[in-house]
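This briefing is meant to be read alongside the sequence and the 3D view.

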Amino acid sequence: MTLKIKSIHKNFGGIKALDKCSLEIKKGKITAIIGPNGSGKTTLFNVISNIIKKDKGKTYFDGKDIARLEDFQISRLGISRTFQEVRLFRNLMIKDHLEIALSDSDEKLMQNLFKKKKYDVKKIKGILNLVGLNKSLDTFATDLSYGQRKLLDLAVAIAKPHTLLLLDEPVAGVNPMLRKDIKKILRELNKRGETILLIEHDMNFVMDLAEQIFVMDYGRIIAEGKPKAIQNNPKVLEAYLGD
Ligand SMILES: Nc1ncnc2c1ncn2[C@@H]1O[C@H](COP(=O)(O)OP(=O)(O)O)[C@@H](O)[C@H]1O
Ligand SMILES: [Mg+2]
């Protein structure tokens, strides 16, 4: 797995959401993108997964230029992501969400919703166990708390066949206890060989989790390095103080 982003530009009206943004991430590592609100982090994920089209620049996944691929093709290449706002089906059960994710085909989605499913209970339970979601498989998404929905969303991303996990603010709005749990989960995933690129607004969360940190401000990468160096970088402090 390799992901390389070169000189991406994206304007929304007059706003430079991404301004000559470049980064490269390493296989098997946890990499974090941090930065003030509105600095372009989510837009970068949207460009990588081609949910929005960039104006300029290149995105390479495993050496392949993925600019012309549709979002479902990119997901099939092995990029699995979560969204800042959790996206679940209210009226589907936990087991449905995971079964759909495991079946890995958007065309099959509708089929999967309506045909009689054969749940891979063992696999589903394994993933739920990994994320620490201890609820009955028959629980509807709508009956989960915010934190539990965050965990189910993470479970769905993990369940999809992938080589790269993109997580957009996995602990946003989550209480301190669950934050710690999610940190542990991500560490465990990394130990199992996962490559994770995560966005986080909260600097403290990523400091002892990520090996490499990119800092964004006004659509640009203003700093890159190991947590310690980032913490002591005056440019980074300035960006956060100005927030
Ligand atoms: N679809 C969109 N249409 C217009 N402006 C957008 C859109 N998405 C993001 N923006 C703007 O681009 C900038 C970067 O936003 P975003 O990538 O969401 O930042 P972050 O995730 O770092 O908080 C913000 O000024 C935001 O308002
Ligand atoms: Mg965002």
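Helix α6 (residues 146-159) contributes the most to the lining of the largest cavity, giving three residues, where helices (H or I, at least four residues) and strands (E, at least two) are DSSP runs numbered from the N terminus. This is a predicted model, in which local features need pLDDT of at least 70 and side-chain atom pairs count only at pLDDT 80 or more, while totals for chains, interfaces and linings use all residues. Residues are numbered from 1 along each chain as its sequence is written, chains are lettered from A and ligands numbered from 1 in the order in which they are written, and side-chain values use heavy atoms, with hydrogens and water left out.

**The cavity**

- The count comes to one cavity of 30 Å³ or more, a cavity being a set of points on a 1 Å grid over the protein atoms alone where a 1.4 Å probe fits but cannot get out.
- The largest cavity has a volume of about 50 Å³, the volume being the space filled by probe spheres set on grid points that are joined across faces, edges and corners.
- Its lining, made of residues with an atom within 4 Å of a point, consists of Thr82, Phe83, Val86, Lys150, Asp153, Leu154, Leu167 and Pro170.
- By class, this lining holds five nonpolar, one polar and two charged residues, where Ala, Val, Leu, Ile, Met, Phe, Trp, Tyr, Cys and Pro count as nonpolar, Asp, Glu, Lys and Arg as charged, and the others, Gly among them, as polar.

**Charges over a ring**

- Phe83, one of the residues lining the largest cavity, has the charged end of Arg81 over its ring, 4.0 Å from the centre, and a charge sits over a ring if NZ of Lys or CZ of Arg is within 6 Å of the ring centre and within 35 degrees of the ring normal.
- Arg87 also lies over the face of Phe83, at 3.7 Å from the ring centre.

**The open sheet**

- Four strands form an open sheet in the order β2-β1-β4-β5, with antiparallel pairing, and two strands pair if DSSP finds at least two bridges between them.
- The edge strands of this sheet, each pairing on one side only, are β2 (15-25) and β5 (64-65).
- Strand β1 (residues 3-12) is joined to strand β4 (residues 56-61) by five bridges, among them the one that sets His9 against Lys56 and the one that sets Ile5 against Thr59.
- Strands β4 and β5 pair in the antiparallel sense over two bridges, and Tyr60 stands opposite Asp65 in β5.
- Two residues lie between the strands in the hairpin of β4 and β5, where Asp62 takes a positive phi near 50°.

**A second hairpin**

- Strand β9 (residues 212-217) runs antiparallel to strand β10 (residues 220-225), and five bridges join them; Ile213 stands opposite Gly225.
- The hairpin of β9 and β10 has two residues between the strands, and Tyr218 in the turn has a positive phi of about 50°.

**Helices and burial**

- Helix α3 (residues 94-103) is largely enclosed by the rest of the structure, because nine of its ten residues are buried, which means under 20% relative accessible area, whereas exposed means over 50% and partly exposed lies in between (1.4 Å probe, protein chains only).
- The buried residues of α3 include Lys95, Asp96 and Glu99.
- Ile74 is found in helix α2 (residues 71-77) and counts as buried at 1% relative accessibility.
- Pro234 belongs to helix α10 (residues 234-241) and is exposed, with a relative accessible area of 57%.

Technical notes. 1 Å grid on protein atoms, 1.4 Å probe; cavity = no way out; pocket = protein on both sides within 12 Å on 5 of 7 lines; lining within 4 Å.
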